[in-house]
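Morning, everyone. Let me put the structure up, and then we'll walk through it chain by chain.

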Amino acid sequence: MKKICAVVLLLSLLLVSSALAGPASIILATTTSTQDSGLLDLLIPLFEKQSGYQVKTIAVGSGQAMKMGEKGEADLLLVHSPEAEKKFMAAGFGVSRRLVMHNDFIIIGPAADPAGIKGTNALEAIKRIAGKGALFASRGDNSGTHAKEKTLWKAAGITPDGQKWYQQTGLGMGQTLNVAAEKKGYTLTDRATYLALKKNLGLAILAEGDAKLLNVYHVIELNRSTWPKINAAGGKALADFMVDPKTQQLIGRYGVEKFGAPLFFPDAGKNPAALGL
Amino acid sequence: MELIVEGILTALKLIVSLDSEVVAITLLSLKISCSATLISLLIGIPAGSLLALAEFPGRRLIISLVNTGMGLPPVVVGLFVTIFLWRNGPLGFLEILYTPLAMIAAQAVIATPIVTGITNAAIQSLPANLKLQVLALGATRCQMVWILVREARLPLLAAVMAGFGGVISEVGASIMVGGNIKGQTRVLTTATVMETGKGNFDVAIALSILLLLLAFGVNYALTVIQQRERPR
């Protein structure tokens with residue numbers, strides 16, 4: 001018994017020392033789509049090798065990521081909720097916001113398409129879903145995808161909250177897709193997560209290609225003057241890496257081999273107006 | 001059905017091939033939960049003995065609180081530990097949020113009431129005369145406590161198992177204070193949640209099987225120790 005105790009104690013001490021002696025770290029608060037699609041598993045190790053920083057990726061919804069930024073609990077944000085981001089910048093929480101990449105949102109649902117939305121535009125699609133009372137699985141977690149969904153409902157003049165056909169999962173994108181698949185419902189998703197999970201879902205793309213469904217990702221460096229503990233240099237280094245031409249090339253190629261199509265389109269340095277923002 | 005078979009096959013493949021990432025995740029789970037259990041024993045056994053043997057006002061209230069704490073929800077612990085450990089929180093200067101240390105701390109908070117509660121019950125269930133007998137034979141108070149703890153060692157091993165079982169299997173606190181960071185704080189439970197989210201059900205099943213094997217292995221070892229000394 002004593003021997004076991006001694007070994008465990010030694011192990012914990014080792015753990016303590018290794019944790020204390022670790023390299024400078026950067027907390028990257030980001031959305032679930034960048035992690036669930038596997039993109040960050042490709043990029044982060046490269047950055048760590050190049051820069052010597054250790055990156056702590058915290059994959060939460062864009063809403064929570066920005067809250068962490070507001071409270072100085074992150075060093076860099078990689079998010080996709082443009083309206084909320086503009087407010088975030090206007091309030092002085094961020095010092096620099098740069099365009100990284102885009103893909104698009106799609107409305108997916110059972111192939112039988114009970115609400116008959118196939119081939120319609122985004123607003124018409126959700127109007128029909130609401131009109132038919134077909135099940136719609138919402139993220140309901142203030143993520144970028146949820147924010148986009150709310151702007152669509154608003155534009156369509158529909159209040160889905162409290163409706164029986166409108167179910168909020170409160171989960172990440174991957175899990176929400178599984179819920180929609182299991183319940184044969186409709187949902188709004190980013191294309192990257194959908195492609196990465198498609199094989200198990202049995203849900204089909206029913207509405208896509210609408211300018212309203214653009215999904216744009218930005219990196220935001222945070223304001224060190226409010227929260228001096230922010231690792232601003234590390235945040236900047238990682239942001240610079242994300243928009244670096246070499247990284248952008250990798251982003252553009254990511255997923256081509258596995259899914260037959262890129263999951264993200266690199267946009268660094270482009271004028272946001274060119275994307276219709 | 002196909003999925004379950006596939007999951008089990010993937011699990012076997014991952015275990016047999018000693019996939020380096022899976023091995024690292026498994027070892028980290030073990031390291032964190034063992035450290036947390038050890039801390040909870042260092043606090044819980046003395047505290048439980050004190051509650052069982054000492055008389056002081058408010059004792060019943062404290063025992064009730066400890067017993068309630070045995071069912072402390074891990075997410076609640078996770079939330080509070082996270083808030084305390086935030087950079088700008090009261091313990092932010094420690095800079096341990098999103099590290100294994102934070103996970104050990106949170107898990108120790110979960111396991112300590114379990115160990116304290118079971119220790120208290122174990123010592124209280126010893127024959128009442130034993131304490132008097134030991135004292136009458138000339139033992140000091142410290143020696144008396146030590147003898148009683150030794151006497152209760154079999155139920156105390158149950159406390160170790162319950163504490164360890166509670167923390168190795170929890171996910172709520174680990175994912176909040178650890179962040180599920182690849183290569184740093186990803187343990188079996190948080191990796192299972194993530195792989196499920198990614199739709200990699202086969203890998204998720206594989207990780208679950210590993211978790212069950214790990215929990216079984218540790219409990220088997222402890223049970224062997226416990227049953228070796230079964231009173232006849």
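Start with contacts in chain B. Take those between residues at least 6 apart in sequence: 77% of them join residues at least 24 apart. Keep in mind that this is a predicted model.

What is the secondary structure of chain B? It comes to 11 helices and 0 strands. Read from the N terminus, then, the elements go α-α-α-α-α-α-α-α-α-α-α. Along the principal axes, the C-alpha atoms of chain B fill a box of roughly 65 × 50 × 25 Å. Chain B has 232 residues, and 44% of these count as buried.

M194(B) sits in helix 10 of chain B. Is M194(B) buried or exposed? M194(B) has 23 other C-beta atoms within 10 Å, so it is buried. Now look from M194(B) to A139(B). These two are 55 residues apart along the chain, and their C-alpha atoms are separated by 55 Å.

Next, the contact between the chains. Chain B gives 21 residues and chain A gives 26 residues. Which helices of chain B each supply at least two residues to the side that touches chain A? Helix 2 (20–53), helix 5 (100–124) and helix 10 (188–198). Helix 2 of chain B has the largest share of that side, with 4 residues. By class, the side of chain B that touches chain A holds 9 nonpolar, 8 polar and 4 charged residues.

On to chain A. There are two domains here: domain 1 (2–102 + 216–275) and domain 2 (104–213). Their C-alpha centres lie 27 Å apart. Where they touch, domain 1 of chain A puts in 19 residues and domain 2 of chain A puts in 15 residues. On the domain 1 side, helix 2 (32–36), helix 4 (62–70) and helix 5 (82–90) of chain A each supply at least two residues. That side of domain 1 of chain A divides into 5 nonpolar, 12 polar and 2 charged residues.

Last stop, two strands of chain A. Strand 1 (residues 25–30) and strand 2 of chain A run parallel, joined by 6 bridges. Which residue of strand 2 of chain A stands opposite I26(A)? That is V55(A). Why is strand 2 (residues 54–59) of chain A largely enclosed by the rest of the structure? Because 5 of its 6 residues are buried.

That's the tour. Over to you.

Definitions and conventions: Residues numbered from 1 in each chain as written. Chains lettered and ligands numbered in written order. Predicted model: local features only at pLDDT ≥ 70, side-chain atom pairs only at ≥ 80, totals over all residues. Contact = placed C-beta atoms within 7 Å. Nonpolar A, V, L, I, M, F, W, Y, C, P; charged D, E, K, R; others polar. Buried ≥ 20, exposed ≤ 12 C-beta atoms within 10 Å, placed from the backbone. Pairing = 2+ DSSP bridges. Domains from an automatic or database assignment.
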